[in-house]
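Here are two exercises to work through with the model open on your screen. Try each task before reading its solution.

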Amino acid sequence: VAEKVFVTPGEAIQDVFDGATIMFGGFVTAGTPANLILALVERGTTGLTGIANNIGLGGRIDDLCEKRQLRKMIASFAIRASGARSSRFEAQYRAGEVELELVPQGTLAERIRAGGAGIGGFYTPTGAGTPMAEGKEIRVIDGREQVLEYGLRADFAFVRANRGDRAGNLSFRMAERNFNAVMATAADVVIAEVEELVETGEIETERVDVPGIYIDRIVQGARHEARWYP
Amino acid sequence: MAMRVAQELRDGMAVNLGIGLPTLVANYVPKEMTVWFQAENGILGYGGIAPDDEFDQDLINAGGQPVTLRPGACFFDSAASFAMIRGGHVDLTVLGGLQVSERGDLANWIVPERGGGSVGGAMDLAAGARRVIVVMDHTTKWGEPRIMRECAYPLTAPECVDLVVTDLAVIEVTRGGLALREVAPGVSAEEVQAVTGAPLTIPPELREMRF
């Protein structure tokens, strides 16, 4: 059996290449793989396409803008309509230095789920009659306009859970599972950081949220305190 | 406005509150009522906003605010959360708004001159929830109507809004257009019409908003 446990986050991400597409789990402050993201900042890989629910709201992904590592971001929440609380990402977006593909949150989650489940695409009423539907195939199903959306996959996924074992099984705490659970299914290489790394069998079977076969690498990393900024 | 919206809650409902003003609705649930508040980041059954000193970064709503849990609460992942929303299992959503049209089109995710934008779960909620209430100021800071014949801003979803609650009035979107239902204390129907960019049907039994 291949060893999944890595000692440091830096070693766990050592083959992330320039131009890679990376999914980042987490939702604002909950379940962000901060140790892996900081290792990526340290590594300095550039030309990255990031996929995450949000950027620039007290999560860590905005740190990738410090050394201009992002080429493109696919997210549901990036720049507030109110103009409040600008981020480094927003500054680079306004300067035309990064691209933003805004995706409705449910469509983003379902595209990732489809990508991980071997489903090519699906039709949804979300986004019909809005700019999100421009250039996309529309069908009327059950009397409603529905938009064709494609599955989404990545080269790497960085996810976080409270507990993990040597076999890669993950167990979440509270609302930490958010995008982490689906992203774990949708990348070629899935790297998990966990607060507590335990021996295989120590997580109660009924408490395993992500089956270990989805996880390629696992590394221990203490939670980074994050605050909410209204 | 949040107090008025809270009167639309019913016992046993699953309700999603949008970011900003709508989150305040959670503070006005009648004591005897059980309402299952859904947060699209994967919680059903949060109670209200938690005090700052009880902040737990893993226990937040979709706006990133710390929340408390009520008995019977549960967690799930984002795909399951939106299956709940998109599958019509959420009875009511309360969303903030920038503009609402007379057909109930909603625009609330981008101000074109500012660019960027953030859609979050708004399009999924507007398209998927059984009932959509929009809560917003009746006019812009400059006194321009936000309720109009056609939205000028890009839409969140067409023909999705059921009820609009503003600082001046409660307006229902009907097949026949906008119907004024209630006015704020001290405000007349004529005053509401004057700052509304679409015709309002004014019923003879116009009520005053109660809190």
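**Exercise 1.** Find which residues B:S81 touches, leaving out those up to four places away in sequence, and decide whether B:S81 is buried or exposed.

*Solution.* Start with the neighbours: with contact meaning heavy atoms within 4.5 Å, B:S81 touches B:Q38, B:A39, B:E40, B:N41, B:G42 and B:F76. Next, pick out B:E40: its backbone oxygen lies 2.9 Å from a polar atom of the B:S81 side chain. Finally, B:S81 counts as buried because its relative accessibility is 0% (buried is under 20% relative accessible area, with a 1.4 Å probe and protein chains only).

A quick word on ground rules: this is a predicted model, where local features need pLDDT of at least 70 and side-chain atom pairs count only at pLDDT 80 or more, while totals for chains, interfaces and linings use all residues. Residues are numbered from 1 along each chain as its sequence is written, chains are lettered from A and ligands numbered from 1 in the order in which they are written, and side-chain values use heavy atoms, leaving out hydrogens and water.

**Exercise 2.** Work out how many residues each chain brings to the contact and how many salt bridges join chain A and chain B.

*Solution.* First, the residues: chain A gives 50 and chain B gives 43. A:R173 pairs with B:D58 in a salt bridge, closest N and O atoms 2.8 Å apart.

How values were computed: Buried < 20%, exposed > 50% of the residue type's maximum accessible area, 1.4 Å probe, protein only. Polar contact = N/O pair within 3.5 Å; in protein donor to acceptor, adjacent residues only side chain to side chain. Salt bridge = Lys/Arg side-chain N within 4 Å of Asp/Glu carboxyl O.
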